[in-house]
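Try each task before you read its solution.

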Amino acid sequence: MKQATELGNSALKVLAAAIATSGAISMSNAMAQAAPATPAPTPEHTLATKVSVYSEYEYRGITQTSEKPALQLNIDYSHSSGLYLGTFLTNINWLKDTGRAGGFKAEGDLELDLFAGYKFEIVKDVTMDLGYLRYEYPSNSGFNPKPNTDEFYIGVAGGPVSAKYSYATSTLFGVPNSKGSTFFELNWAQEVMPKLTLNAQVARQTVKKNDPLAYTVYKAGATYDIGDGWNAGGYYKTTNAVSANYTYLGKDWSKGRLVAFVSKSF
């Protein structure tokens, strides 16, 4: 599960004005000064694709691949007006593992997320994000209720800090009677030296009518811009979830561990 999800654009640098003078100082010689470069206009349509490999897929602090690697694909379209939509695809293990642990047969080894929203500036350098996210598990079976989940979200971002609130309008990932569950996250990301960005998150997952499943997430890590669309990094994630509620087939999906990744954007 991922929010799509899932992070800044480099500012255009204005060229210094160049002053041309003659070899000798004279009132009759003119001084020419170049005008500042005009920033390139924002494209009306933008399509971005990213392929990533993670040492494991974890979402909201909980592993989705039972600590196994994940191959992921992001496709994002955005319009200059602020409208955007996209999709996210990844392999998972948690559906089948939940079924095995519960003594029933469950199918489904893919997660397909669909999202759409609108970003706009509310005051200078502060952006609001309103959107919808659908978590779809193709060919899933054995779950009642189904794990497919719908969420609406609202986010605010300014400088290195962003916050986001998500509200489930359906049951949450197959948990019975969990409609109305929420996830609130506070994120920080700052470039501390050229191409190196540090990031951190503190977040809280609530599960409606299932309080023992609620927990807090903590993450801290770094991302390095290798160049030519390549990025690599890692982070440490942990939670304060009740271990017994997230242990399946002998693995605690909520425990702290390091996660590494490499990605290529096109």
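**Exercise 1. Find the residues that form one aromatic cluster with Trp94.**

Solution. Please keep in mind that this is a predicted model. Start at Trp94 and look for the rings grouped with it: Phe104, Tyr137 and Phe143 complete the cluster. Next, take two of these members, Phe104 and Phe143, which form an edge-to-face pair with 5.6 Å centre to centre and 85° between the planes. Then place them in the chain: Phe104 sits in the loop between H1 and strand S8 (110–123), while Phe143 sits in the loop between S9 and strand S10 (149–158). The pair thus links distant parts of the chain, 39 residues apart.

**Exercise 2. Decide whether Phe104 and Phe143 are buried or partly exposed.**

Solution. Buried means under 20% relative accessible area, and exposed means over 50%. Phe104 has 31% relative accessibility, so Phe104 counts as partly exposed. Phe143 has a relative accessible area of 11%, so Phe143 is buried.

**Exercise 3. Classify the aromatic pair of Tyr57 and Phe88 and say what it ties together.**

Solution. A search of the whole structure gives 12 aromatic pairs. In the pair of Tyr57 and Phe88, the centres are 6.0 Å apart and the planes make an angle of 65°. Angles over 60 degrees count as edge-to-face, so this pair is edge-to-face. Now locate the partners: Tyr57 is in the loop between strand S3 (45–54) and strand S4 (58–59), and Phe88 is in strand S7, so the pair ties together parts that are 31 residues apart in sequence. Finally, check the burial: both Tyr57 and Phe88 are buried.

**Exercise 4. Identify the residues that touch the most other members of the largest nonpolar core, and the elements that build it.**

Solution. The core holds 29 residues, and Trp94, Tyr137 and Phe173 touch the most other members. Two or more core residues come from each of strand S7 (83–91), helix H1 (94–102), strand S9 (126–136) and strand S14 (215–227).

**Exercise 5. Work out which strand gives the most to the nonpolar surface patch.**

Solution. First list some of the patch: its residues include Leu130, Tyr165, Trp188 and Val192, and the whole patch has about 930 Å² of accessible area. Strand S11 (161–168) and strand S12 (182–193) each supply at least two residues. S12 gives the most, with five. Val192 is found in S12, and at 46% relative accessibility Val192 counts as partly exposed.

Conventions: Residues are numbered from 1 along each chain as its sequence is written. This is a predicted model: local features need pLDDT of at least 70, side-chain atom pairs count only at pLDDT 80 or more; totals for chains, interfaces and linings use all residues. Side-chain values use heavy atoms; hydrogens and water are left out. A nonpolar core is a set of buried Ala, Val, Leu, Ile, Met, Phe, Trp, Tyr and Cys residues joined through side-chain atoms within 4.5 Å. Buried means under 20% relative accessible area, exposed over 50%, partly exposed in between (1.4 Å probe, protein chains only). Helices (H or I, at least four residues) and strands (E, at least two) are DSSP runs, numbered from the N terminus. Patches are made of residues with over 30% relative accessible area and no salt bridge: like charges are joined within 9 Å, nonpolar side chains (Val, Leu, Ile, Met, Phe, Trp, Tyr) within 5 Å. Accessible areas come from the Shrake-Rupley method with a 1.4 Å probe; for residues, only the protein chains shown count as cover. A salt bridge is a side-chain nitrogen of Lys or Arg within 4 Å of a carboxyl oxygen of Asp or Glu. Rings of Phe, Tyr and Trp (its six-membered ring) pair if their centres lie within 6.5 Å; planes under 30 degrees apart count as stacked, over 60 as edge-to-face and the rest as tilted.
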